[in-house]
Amino acid sequence: MFCFQCEQTAGCTGCTRNAGVCGKKSGTARLQDKLTGALVGLARAVEGNEDQVTKETDALVMEGLFTTITNVNFNDETISALTSRIHAEKDRLVPRCLDCASACGRNDDYDIDSLWDGDEDIRSLKSLILFGIRGVAAYAYHAAVLGYTDEEVNRFFYKALFAIGMDWDTDELLPIVLEVGEINLKCMALLDQANTETFGMPTPTEVPLTVEKGPFIVISGHDMHDLKLLIEQTEGKGINIYTHGEMLPAHAYPELKKFAHLKGNFGTAWQNQQKEFASIPAPVLFTTNCLMPPKPSYADRVFTTEVVSYPGCIHIGENKDFTPVIERALQLGGYKEDQAFTGINGGTKVTTGFSHGAVLSVADKVVDAVKSGKIKHFFLVGGCDGARPGRNYYTEFVKKTPPDTIVLTLACGKYRFNDLDLGTIDGLPRIMDMGQCNDAYSAIQVALALADAFECEVNELPLSMVLSWYEQKAVCILLTLLHLGIKNILLGPTLPAFISPNVLNLLIEKYNIGPITTPDEDMRKLLG
Ligand code: FSO
Ligand code: SF4
């Protein structure tokens, strides 16, 4: 196998043995490569047949790309079935192919090995495109579930997949890399619209970390629609719901927080799940990544839905009947007494919901505080968490931020510090959780509004971005920031293995992107 799409890749170069660091087996990796090759084949078949593309074709492409994101699907059976559906769709688009004896290469599946074994700069740029659109597809999928789609976003998937299959040089590929960022901005806006129009504008909300006695269900992942359905199906049944990981921001949406049995948040970021789920008397439902191979101690309590799948775990299908999860919760019964859990730093509650709507509603206050010198600097410390030991950098960095600075955060990396009480500035909390990784859209909106208020470029604001990455959604968000021309981003804990030295030099030259060093040194540099 060869896979180097995430931050924990073996030796910071690539997973090549019988299984990846994430637990993906080599056979599954091969099937995911085949699936991706089939998607390129489908994109080739779409070329010239655009009028034949239906919303089912688009949905299939989103599903195929999302399925191959790290920690989503470990199930050979579902991956193979999905590849067959992609082949069937290609045959529908180009039925004549089946009877044609000459191999024209126009509609063939792409052999992804030719990408992994190719020139390192081309491999680097194509990887940025491929991993980037995997991330975009996840966001497009969540929006589509709520009934929101965007033609331009959907069309771009075919363009990008087609490019991956072509023998193009760096000059041809580089603009497409940046276009991934542009399209992702549109896609995050679409998902923001889908979430806020469906569930209301998030408002700052305190979320307890205590699990109350009695039956409960833990729900993980990013899919708010699944959470809503689970909340509705458990209403009046004496079952409480606790969010986990990236589901935490759900507590801030008016149409979700109105349910009294959506009680609080359980656990921290994804990489701690094998320890945190081992002994809870409750089932866990995964709606997206990040699923780790379940340990025997709790495997029979793990349920999956949508594109998430793990062999042996019960999957809730399209009918969205959560009865098996509900029955398991009642059977397990929950805790006999309330359990007071804490965050990583000992805090008993966290706060979320600082969406663009919430922050911009107090924009005057923020601008005044900057003008009067009460706020000297903003840090966006956000992104994914992960298991690599160096990630405590982010906790240390936040602890070292001076009292006249604000920390904006988002995604699961915040669990390193979101239970810290850093106080307030003029009533504004010093740590503001803007939401999930896709809510980078909120951070961008706030940055643009501040630039507007101060009549300057975003790069001229007293704002620094200190980002952590793990999987492919972080790739598309990074490309969005580059598309917006944002400079001086610090990225860690390690740089992506798929960035070749030449591509890295290019990013440094154009955007002055750099690796994190130590909290002290970076703080000095950023405030200097
Ligand atoms: Fe984290 Fe996992 Fe949201 Fe990712 S839970 S790592 S970037 O899936 O998507 O932040
Ligand atoms: Fe390795 Fe990450 Fe690929 Fe898993 S997703 S096989 S850990 S590079």
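Count the cavities of 30 Å³ or more here and you get seven. Keep in mind that this is a predicted model.

**The largest cavity**

- The largest cavity holds about 310 Å³ of space.
- Its lining takes in 28 residues, and L467, A474, I477, L478 and L491 are the ones nearest the centre.
- Which elements supply at least two residues each to that lining? They are β11 (377–383), α15 (440–453), β16 (463–468), α16 (472–483) and α17 (501–511).
- Helix α16 gives the largest share of the lining, with six residues.
- By residue type, the lining of the largest cavity splits into 24 nonpolar, three polar and one charged.

**Ligand 2 and the cysteines**

- Ligand 2 has 13 residues around it, and C3, C6, C15, C22 and T70 come nearest.
- Sorted by type, the shell around ligand 2 has seven nonpolar residues, five polar and one charged.
- An unreviewed UniProt entry puts the feature "binding site" at C3, C6, C15 and C22.
- Taking C6 as one of them, the residue sits in the segment before α1 (26–46). With a relative accessible area of 8%, C6 is buried.

**Aromatic pairs**

- The structure has 23 aromatic pairs. In one of them, the ring centres of F131 and F498 are 4.9 Å apart with the planes at 75°, and because planes over 60 degrees apart count that way, the pair is edge-to-face.
- What does this pair tie together? F131 belongs to helix α5 (residues 120–145), while F498 is in the loop between β17 (490–492) and α17, so the contact links parts that are 367 residues apart in sequence.
- Both ends are tucked away: F131 is buried at a relative accessible area of 1%, and F498 is buried at 2%.
- F199 and Y253 make another edge-to-face pair, 6.1 Å from centre to centre and with 75° between the planes. F199 lies in helix α7 (residues 170–199) and Y253 in the loop between β4 (240–244) and α9 (254–257), so this pair ties together parts 54 residues apart in sequence.
- F199 and Y253 are both buried, too.
- One aromatic cluster is made up of F216, Y242, F266, F277, F286, Y298, Y335 and F341.

**Backbone spots to look at**

- N289 and C290 are joined by a cis peptide bond, with omega about 15°. You'll find C290 in the loop between β6 (284–286) and β7 (302–305).
- Another cis peptide bond joins G492 and P493, where omega is about 5°. P493 is in the loop between β17 and α17, and F498 lies in the loop between β17 and α17 as well.
- N488 isn't a glycine, yet its phi is positive, near 65°. N488 sits in the loop between α16 and β17.

Technical notes. Residues are numbered from 1 along each chain as its sequence is written. Chains are lettered from A and ligands numbered from 1 in the order in which they are written. This is a predicted model: local features need pLDDT of at least 70, side-chain atom pairs count only at pLDDT 80 or more; totals for chains, interfaces and linings use all residues. Side-chain values use heavy atoms; hydrogens and water are left out. On a 1 Å grid over the protein atoms alone, a cavity is a set of points where a 1.4 Å probe fits but cannot get out, and a pocket is an open set with protein on both sides within 12 Å along at least five of seven lines; lining residues have an atom within 4 Å of a point. Grid points are joined across faces, edges and corners, and a volume is the space filled by probe spheres set on the points. Helices (H or I, at least four residues) and strands (E, at least two) are DSSP runs, numbered from the N terminus. Ala, Val, Leu, Ile, Met, Phe, Trp, Tyr, Cys and Pro count as nonpolar, Asp, Glu, Lys and Arg as charged, and the others, Gly among them, as polar. A residue is near a molecule or strand if one of its heavy atoms lies within 4 Å of it. Rings of Phe, Tyr and Trp (its six-membered ring) pair if their centres lie within 6.5 Å; planes under 30 degrees apart count as stacked, over 60 as edge-to-face and the rest as tilted. Buried means under 20% relative accessible area, exposed over 50%, partly exposed in between (1.4 Å probe, protein chains only). UniProt positions are given in the numbering used here, feature names are shortened, and annotations may be inferred rather than shown by experiment.
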